[in-house]
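Me: Got a structure to go through with you. Can we take the rings, then the helix packing?

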Amino acid sequence: MLDYTHADWKTRAENLKIQGQAFIDGKFVDAVSEKTFECINPATSAVLAHVAEGDAADIDRAVKAGRAAFEDGRWSRMAPGARKAVMLKLADLIRANLEEMALLDSLDMGKLVKDAATVDAPGSAHFFQWYAEAIDKIYDEVAPTGPGDLALVSRVPLGVVGAVTPWNFPLDMATWKGAAALAAGNSVVLKPAEQSPLSALRLAELAAEAGVPDGVFNVVPGFGVTAGKALGLHFDVDCLAFTGSTGIGKMFMQYSGQSNLKQVWPETGGKSPNLVFADCEDLEAAADMAAFGIFFNQGEVCSANSRLYVERSIKDAFVDKLIARANKMQPGDPLDPASKMGAIVDEKQTQGIMRFLDEGKKSANLVAGGERVTIDGKGCFVQPTIFDDVSHDDPLARDEIFGPVLSVIPFDTEDDAVAMANDSIYGLAASVWTDNLSRACRVSDKLMVGTVSVNTVDALSAQTPFGGMKQSGFGRDLSLHSLEKYTALKTTWIKYKV
């Protein structure tokens with residue numbers, strides 16, 4: 001795939017077979033209402049598919065299937081080695097269908113197909129493999145007791161896990177939730193974002209092919225106000241994992257209180273700061289990664305480094321480096337390997353970004369981009385944009401824009417930089433650029449975020465937990481720690497004769 005041309009990808013896209021039905025209890029089905037909605041390519045405005053518009057009735061059908069599968073033990077009580085083998089096969093099937101998975105995400109939400117093919121789809125396979133390998137390597141506990149007592153502490157699956165995932169990384173977010181929940185032995189009901197449901201539906205089909213039993217992994221596409229709300233309010237859902245906006249995360253917390261007090265694990269908004277100190281010796285690398293940190297995936301990344309704090313003595317020169325990089329990262333056809341940025345997910349998101357840009361031009365110094373553009377007269381594309389000398393209180397520096405928009409703010413002292421970085425309702429991630437080891441440790445310790453990346457941006461792996469503080473949510477995806485969300489501790493106390 002790495003040697004595919006623009007024409008190669010377009011041909012493969014034209015021949016792609018797209019499934020739009022919901023996947024419930026091991027088979028594709030229409031919505032109970034028989035309603036559908038259009039799935040639109042944001043780069044061309046073409047209708048890709050008519051997708052089942054699931055609602056409360058479909059969520060209920062999926063939850064019942066998941067509950068039946070959990071109760072009869074077809075997955076929850078499957079031997080760990082057998083469950084591991086199924087998930088390993090699923091990882092292999094994702095790799096075998098890498099091209100298709102990459103195309104589905106690229107066409108569905110506008111990301112560069114080369115990124116989907118080299119980052120997203122391989123990442124999904126990797127995470128399924130990683131959690132599969134963990135299944136038979138996690139041990140329970142025996143608590144210290146006196147003679148005649150045996151206290152066993154075990155982690156047990158919760159039951160039916162609801163997952164509501166965003167549109168920016170459709171396959172990967174479905175994987176982050178689904179792989180861990182399945183590895184723990186749960187049934188899953190996944191509600192993908194209505195803007196990008198296609199790869200999740202294909203993932204469900206591959207899971208069935210791999211041997212995941214009927215009813216264990218269900219995907220119900222639909223709108224948040226109907227299907228998403230129904231999942232949050234359902235009395236037979238034991239846990240709900242969510243990635244999306246802070247406002248919607250708060251609604252799911254309310255739904256829990258209005259229903260069965262289900263656990264809710266939100267990973268929500270972000271406005272991640274990137275602190276560049278004058279003692280950073282490689283400012284070229286810092287500029288490269290600062291541009292990557294905000295313009296990758298069109299800036300549609302919850303942990304995007306959208307606030308750039310630069311020490312005043314190097315600020316102007318550093319901004320010049322960023323402008324040069326932004327000018328080389330103009331958007332293009334997502335299927336063209338030469339493109340540096342793709343399309344914004346839809347018209348609504350594009351208009352929201354442009355409102356921020358229009359207001360920002362009145363309050364800050366626009367030094368790059370700032371305009372909406374089209375490719376061949378079509379599509380939702382926004383130039384990589386940089387505002388300099390942004391006030392720390394400006395909405396450009398406070399609100400999550402979720403687009404390719406960078407706000408540059410100078411600082412004079414380390415304490416000022418840390419104070420401004422922490423002065424946010426969000427606390428998902430941060431980056432620090434310095435060659436002073438003491439400063440790196442000191443600043444990292446003070447930043448109130450879930451992940452601090454030093455001399456890089458947005459570092460993550462299967463081995464390390466990902467999640468935030470403050471209104472960026474709580475709970476963690478990735479690593480063995482994520483299994484804690486999908487399990488409960490059970491104590492079994494046995495009295496015996498001595």
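**Aromatic pairs and helix packing**

Me: Are F23 and F28 buried or exposed?
Reply: Both F23 and F28 are buried. Bear in mind that this is a predicted model.

Me: How many aromatic pairs are there in the whole structure?
Reply: The search finds 13 aromatic pairs. One of them joins F23 and F28, with 5.0 Å centre to centre and 80 degrees between the planes. That pair is edge-to-face.

Me: What about W265 and F474?
Reply: Their ring centres are 6.1 Å apart and the planes sit at 70 degrees, so this pair is edge-to-face.

Me: Where do W265 and F474 lie?
Reply: W265 is in strand 11 (residues 263-267). F474 is in the loop between strand 22 (469-470) and strand 23 (487-495). The pair therefore ties together parts 209 residues apart in sequence.

Me: And their accessible areas?
Reply: W265 is partly exposed, at a relative accessible area of 22%. F474 is partly exposed too, at 37%.

Me: Which residues do ring pairs link into a cluster?
Reply: F127, W176 and F466.

Me: Switching to helices. At what angle do helix 2 and helix 8 pack?
Reply: About 40 degrees, with the axes 8 Å apart. Helix 2 spans residues 56-72 and helix 8 spans residues 224-233. The angle makes helix 2 oblique to helix 8.

Me: Left-handed or right-handed crossing?
Reply: Helix 2 passes helix 8 in a right-handed crossing.

Me: Which residues make the contact?
Reply: A56, I59 and V63 from helix 2, and A227, A230 and L231 from helix 8. By class, this contact has 6 nonpolar residues, no polar and no charged ones.

Technical notes. Residues numbered from 1 in each chain as written. Predicted model: local features only at pLDDT ≥ 70, side-chain atom pairs only at ≥ 80, totals over all residues. Heavy atoms only, no water. Axes fitted to C-alpha atoms, helices over the stretch in contact; angles between N-to-C directions. Helix = DSSP H or I, 4+ residues; strand = E, 2+ residues; numbered from the N terminus. Parallel < 35°, antiparallel > 145°, perpendicular 65-115°, else oblique. Left-handed = near helix turned anticlockwise from the far one by under 90°. Contact = heavy atoms within 4.5 Å. Nonpolar A, V, L, I, M, F, W, Y, C, P; charged D, E, K, R; others polar. Phe/Tyr/Trp six-rings, centres within 6.5 Å; stacked < 30°, edge-to-face > 60°. Buried < 20%, exposed > 50% of the residue type's maximum accessible area, 1.4 Å probe, protein only.
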